[in-house]
Amino acid sequence: MKIAAVQLTQSPAGGTPRSARLARWKGSLPLLPALLFLSLFFLAPLIGLLLRGVLEPEPGLGNYETLFANSAYARVLFNTFAVAGLVTLISLLLGFPLAWAITLAPRGWGRWLLSIVLLSMWTSLLARTYSWLVLLQASGVINKALMAMGLIDQPLEMVHNLTGVVIGMSYIMIPFIVLPLQATMSAIDPMVLQAGSICGASPWRNFFRVFLPLCRPGLFSGGLMVFVMSLGYYVTPALLGGAQNMMLPEFIVQQVQSFLNWGLASAAAALLIAITLLLFYAYLKLQPESPVASSTAR
C-alpha cells in the first residue's frame with residue numbers, strides 16, 4: 001500500500017523528463033520571432049562590425065593599437081569618459097533632490113512635477129539642444145544676464161567646448177535619473193525611517209545610514225543608464241561641442257563619412273560596446289535586484 005501511495009503521488013507530477021523538456025520548448029516558441037529579429041538586425045551587424053575592426057584595412061589588431069597609441073585619439077577617449085562621468089555626477093546631484101521632492105509632495109503636486117519631468121523627455125532632442133545653444137552663446141540670455149548683474153565683464157565661452165556639452169547633456173539626462181530614483185523612494189516604507197529616529201538617530205544619520213542605502217538600487221540603475229547613454233551620445237556634443245573637443249561618437253561618424261576608415265570606426269564602436277557590457281556586468285554583480293523589488297523586499 002505504501003508503494004502504491006508513492007506511485008500515486010509521483011505519477012501525476014508531469015510525466016517524464018523528456019515530456020517536461022518538450023513542454024519547456026513549446027513554451028518558448030513565442031520567443032522565436034523576437035530571437036530571429038534580434039539575430040538578423042542586431043547580432044549579424046554586430047558580428048560584421050567586430051570583424052571589420054580586425055580585418056580592415058588588414059587583418060590584425062592594428063586599429064586598436066592606433067586607437068590607443070595616437071595621442072589625438074587618446075584625447076577623444078579621455079573627453080568621452082570625462083564628459084560621461086561629469087554628466088552622471090551632475091545628474092545624480094540634481095536628480096536626487098528632485099526625485100525626493102516628487103516623492104514627498106502631495107499626490108496632486110507630485111503628479112504635476114513628474115509630468116513636467118516626462119514632458120522634458122518627450123520634447124524633441126534637437127529642439128532642446130538648440131535651445132541650450134541659444135541660451136549659452138555669447139549673445140545669449142545667460143551671458144547678458146550675468147553682464148547686467150555685473151558678475152562678468154565679457155561673455156563667457158560656453159558653447160563649442162566641453163562646458164556646453166556637459167550643461168546640455170546634464171539637462172537631458174536628469175529625467176533618466178529621476179524616474180528610477182522616484183520609483184525606489186516611493187517603495188521605501190516610511191516606518192523604517194521613523195524606526196531610525198526612534199532608535200536615536202539624528203536626521204543626518206538617518207539620511208546617510210538608512211535612507212541613502214535604501215535608495216542605492218535607484219542610484220545604481222539610473223547612474224549606469226546615464227553613463228552608458230552619455231558614452232554614445234552624438235547630437236548634443238556635435239551641436240554644443242567643437243572639433244577640438246571631439247567625443248567618441250563624433251569620431252566614429254567622422255571616420256566613416258569623411259575618411260571612409262571603416263576599420264578604425266568599427267574598432268571604436270566595438271570599444272564602446274565592450275565598455276557597456278562590462279559596466280552592465282559590474283552592475284549585475286553589485287546590484288542583482290530591480291530597484292523597486294529590492295526596496296520592497298527590505
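**Notebook: burial, cores and backbone**

I began with Thr129, which counts as buried at 1% relative accessibility; buried means under 20% relative accessible area, exposed over 50%, and partly exposed in between, with a 1.4 Å probe and protein chains only. Thr129 sits in helix H7. Helices (H or I, at least four residues) and strands (E, at least two) are DSSP runs, numbered from the N terminus. I listed the contacts of Thr129, leaving out residues up to four places away in sequence, and found Ile172, Val235, Thr236, Leu239 and Leu240. Contact here means heavy atoms within 4.5 Å.

**Ground rules.** I am reading a predicted model, in which local features need pLDDT of at least 70, side-chain atom pairs count only at pLDDT 80 or more, and totals for chains, interfaces and linings use all residues. Residues are numbered from 1 along each chain as its sequence is written, and side-chain values use heavy atoms, with hydrogens and water left out.

**Confidence.** I looked up pLDDT, the predictor's confidence in each residue, from 0 to 100. The chain has a mean pLDDT of 82, and 88% of its residues reach 70 or more. I noted that pLDDT stays under 50 over residues 1-14, where the model has one contact beyond four places in sequence. It also stays under 50 over residues 290-298, for which the model has 16 such contacts. Where pLDDT is low, the predicted coordinates should not be read in detail.

**Cores.** I then took the largest nonpolar core, which has 31 residues. A nonpolar core is a set of buried Ala, Val, Leu, Ile, Met, Phe, Trp, Tyr and Cys residues joined through side-chain atoms within 4.5 Å. Val83, Val87, Phe96, Leu181, Met185, Phe211 and Cys215 touch the most other members. At least two residues of this core come from each of helix H5 (71-104), helix H7 (125-136), helix H9 (162-186) and helix H11 (203-214). H9 gives the largest share, 11 residues. A second, separate core has 19 residues, including Val76, Leu77, Ala84 and Ala265. For Val83 I found contacts with Leu162, Val165, Val166, Met169 and Met247, not counting residues up to four places away in sequence.

**Thr80.** Thr80 lies in helix H5 and counts as buried at 1% relative accessibility. Beyond four places in sequence, Thr80 touches Leu231, Met247 and Leu248. I also checked Thr80 against Pro237: they are 157 residues apart in sequence and 9.9 Å apart in space, C-alpha to C-alpha.

**Positive phi.** Most residues other than glycine have a negative phi. His160 has a phi near 60°, is found in the loop between helix H8 (141-148) and H9, and is exposed, with a relative accessible area of 52%. Leu260 has a positive phi of about 55°. Leu260 is in the loop between helix H14 (248-257) and helix H15 (262-286) and counts as exposed at 62% relative accessibility.

**Cysteines.** I searched the whole structure for disulfides and found zero; the criterion is a pair of cysteine sulfur atoms within 2.5 Å. Cys199 counts as exposed at 72% relative accessibility, whereas Cys215 counts as buried at 0%.
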